[in-house]
Every structure is written in structure tokens, then in C-alpha cells.
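This briefing concerns the protein shown below.

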Amino acid sequence: MTARRSFLFSFAEKYTLLVLNTAGAMVLARLLTPAEVGIYAIGAVLVGLVQVLRDFGVGSYIIQAKVLDEEKLRAALCVSMLLAWTLALMVLIASYAAAWFYREPRLQTVLQLLSINFVLMPFSAIALPYLRRKMRFSAIFAINASQCATQLLCSTVLAARGWGHLSLVWGAVAGAVVTLLVVMCCRPAGLPWLPARRGVREILSFGYVSTAGTLMDEAGVAAPDLIIGKMTGLAEVGIYGKAMGVINVFNQLVTSAISPVIFPLFSAQSREGRDLKQAYLTTASYVTVLAWPFFGFVALMAPALVRVLYGGQWDAAAPVIRVICLGSAVYSVFSMARYLLVAMGAVKTQARLDAMAVPVRVLAVLVAAPFGLYWVGWAVVVGAVFRSGLTLFCLRRLTGVHAMALLAATWRSAVVAGVCMAGVATVRWSAAGEAAQLLLATAVCVPLWLAAIHAVRHELASESTVAARKALALLHK
């Protein structure tokens, strides 16, 4: 599968998931209270941290390994089974401590039910990264779309029937079951069914460094939810989660669509000895020309977005969204650096970067939490800016990417973002209602973006022209 076709399937997958998740979020936000969402959010964040240990770098190892034979795949399956089932037991035991710490008995049930997912995960643990290595993104599309649709359907039906926070939990379990069933249908021929101990040590030696960094990174992401839940309240966790839900739309639209393809491409270029500096600068240019207009749009239209997506009970999320957009825009320049460093084999460097950046983020959130969600948002920005500086230092030392090169690669993105924000700001101050504002702002922003990328001759302009021509050709057939 060519890189362009891989990107096509990856974007199709993420956009399908975005539509499903947005529709589900709009419905669930009106069926559940902030406190009910907050209970599940705390459980999901805690399980997410454990999930990093469950993978233990197995997925990254399968994608980047220079030679991948049956012996290594069986060893990877062995590592996945041992870790996943051990962690399932640990989550069951930890559920009692978590419920006591947050003084919320319902959290115990949430964690106990979510531990079921760890029992099911090993059976698809090596199939998904193997499909990514082979660039079979059509199969990944089918797997993830099925999981998402099942989870949302189950959660929505149960929430409508009054199951509260448990509707979200059972939705997650149902999604895991369907993932396993679809993986079995899409499973590549030749993948082993049985584990083996030979080769486990090599995977563990790769995984402990990779996992240490990823775990630190996930801890930094999880810190605001966990700290807010303890120091402020579960309802505030729900509100913060909705704010991040709007911000993370970009991850669903772009980052999570690009990264599954970028990582194998970076890995292939590293194995072939190609120029990784230019590859990264081009990637940064593409990401920022999408990210900066997006975050500018979201910051300006935050109140309308919250009202239309979630309803009036979530209005407190709007000021937080505006602040966090700033940090997200800054970090978007470096959002693909992790995949470049791992592809180069610099997993220890990535781990050290995480080990330095995460404590600053956690400390900032701890200081800000007593003053409210708005200041937590600023703490997140501080963490993002600090991490960006560290990442730039690592990129310069390992690949020669320096600040001036990034400026040269992204100045066109800044011009495009300025043009788009000027148009959106004009609409923002109109007297129209929230839904009308959003529609009008989108109708203004999209053509302005297209015109601007062509006016500044951004690299993405040629790609959009090619895509338009192919779409027209298909319509005429």
C-alpha cells in the first residue's frame, strides 16, 4: 500500500471515529451529569495509565524491528499475555484503594469492570501493530470503526435507560469484545497463535525504556484529571474532560490519523539512511498549517462550541478551552517528534525527555488546582511550552533541526492561521445564535484556508489540488 493510500485510509478511519464520537458525546452530554461523567473519567484515566504498562512497547517493537520473524512475534505475544493478565489482577485489587482515596464507592465498580478489557487485549495485541507495519490501514479502519460504533451504541442505550456512569463502563467493555471479534476476522495469515519465551528478553529490554517514557507522558496527560478529582471535585473532572474533548478533536482529525502512518514511514526512512531532518520539517509544516487555524477557530468559538456540542450545563468548559488552545498550538510543532525519536532508536532520549517534562506539568497543575479550572488550563500551557523547549533541544542535537529551520518551515502556516482567525473573529462578534455562528464561521474559515494555502504556496496546496482532481475524476466516472 502506498503512503498516500495509507494516509487516505487512516484519515477515513479517524474522521469516521470523529463523527461517531461527536454524535455520541452530544447525546451523552445531555443524558449524563458532569459528576457521572467525572466518575467514569477518573476510572478511565487510571486504567489508561495501566494500559501503557500492558503494551510495554510491544506495538512499537513490532513496527520498528528491522527483522521480524515468527520467533519474535511469539515472544511479543508472550509478553502481552503475561503483562495484560497480571495487570488485570492489579486493577481489581487497586479498585478498593482508588475508591477510598477519592471517597467514591462507585469508582470501585468502574475499575473492576474495566479490568475485563485487560483479559481480552492480548488476543489482538500483536495483530494491530503488525497490520500497521504492513500498512494495512483498511483492516485497521474496520476494526476501530466497529469498536467505536459498538461502544457508543451501548453507552447511549444504557444512559437513556438510566444506567448513569455504568453506561460508559459497559460501553467500553462491549467495544473491547467487538474489537477482539473483528481482529479475528482481519487477522493476517502467518501470525502465531501460541506464545514462546525465546526472544522475550530482547522485547523487554526495548520495552522498559520505551514504556518508561510513555508512562511518564501518560502520567502528565492524566495528572490534571486525577488532581482535579482529588482537590476540586468529580463534576470539575467532567467539565475539564469536556474541554479536553473539544481540544482533542484535532488529535482525532489530524494527529491520530497521521501518526499511525508517520511512525512506519519514519522507521523505514531511518532503516534506509534517508534525511530525517527534512522529513521532520515537512511533517511540521503540514501539521501546523492544520493545527494553528484549528486552535484559533476553537479559541474564538469556544462558547458556541460548548453550547452546541454539550449544552448549557457545560458552559464552564469554554474559558478552559481558550487557554489550553494556546499550549496545544505551540506543542503542535513538536507533536510528531516522539515518533521520529523512536523510529531512530533514540528511545532512551525520549524517555529522558518525558522524565524531565512531566514533573513540571504535574507541579504546575498541583499549584494551580486550588484556584480553579481556569488556572489549571494555564498550568497545562506552562507544561506544553516547557516540553516544546526540551523537544527542540533533543531534535537539534540528534537531527540538526533548529529553531530557525522550524520557523522557515512553518511561517506559511502562521500566515494561513492569521487569515483564518481574522475571518472567524468577524463572525464571532455577530448577533447570530450559537449554531448559526458556528455554521457561518466554518463557511468563512474553510474557503479562507484554501485560498491562503495557495496564496502562500504551502506544500499542502499541491496535495489538495491533486486530491480535488482525483475526486472530480471519480465523479465523472
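**Packing of H8 and H9**

In this predicted model, helix H8 (residues 137-160) packs with helix H9 (residues 165-186) at an angle of about 155°, their axes lying 7 Å apart. H8 is therefore roughly antiparallel to H9 (angles over 145 degrees count as such).

- The contact (heavy atoms within 4.5 Å) involves residues of H8 including Ala139, Ile143 and Leu158, and residues of H9 including Trp170, Gly175 and Val182.
- By class, this contact of H8 with H9 comprises 14 nonpolar, 9 polar and no charged residues; Gly counts as polar and Cys as nonpolar.

**Positive phi in two loops**

- Most residues other than glycine have a negative phi.
- Arginine 103, in the loop between helix H4 (70-101) and helix H5 (106-120), has a positive phi of about 55°.
- Arginine 457, in the loop between helix H20 (434-455) and H21, has a positive phi of about 60° and is exposed, with a relative accessible area of 72%.

**Confidence and conventions**

- The protein averages a pLDDT (the predictor's confidence in each residue, from 0 to 100) of 82, and 84% of the residues score at least 70.
- Where pLDDT is low, the predicted coordinates should not be read in detail.
- Residues are numbered from 1 along each chain as its sequence is written, and side-chain values use heavy atoms, without hydrogens and water.
- Local features need pLDDT of at least 70 and side-chain atom pairs 80 or more, whereas totals for chains, interfaces and linings use all residues.

Technical notes. Axes are lines fitted to C-alpha atoms, for helices over the stretch in contact, and angles run from 0 to 180 degrees between N-to-C directions. Helices (H or I, at least four residues) and strands (E, at least two) are DSSP runs, numbered from the N terminus. Angles under 35 degrees count as roughly parallel, over 145 as roughly antiparallel, 65 to 115 as roughly perpendicular and the rest as oblique. Buried means under 20% relative accessible area, exposed over 50%, partly exposed in between (1.4 Å probe, protein chains only).
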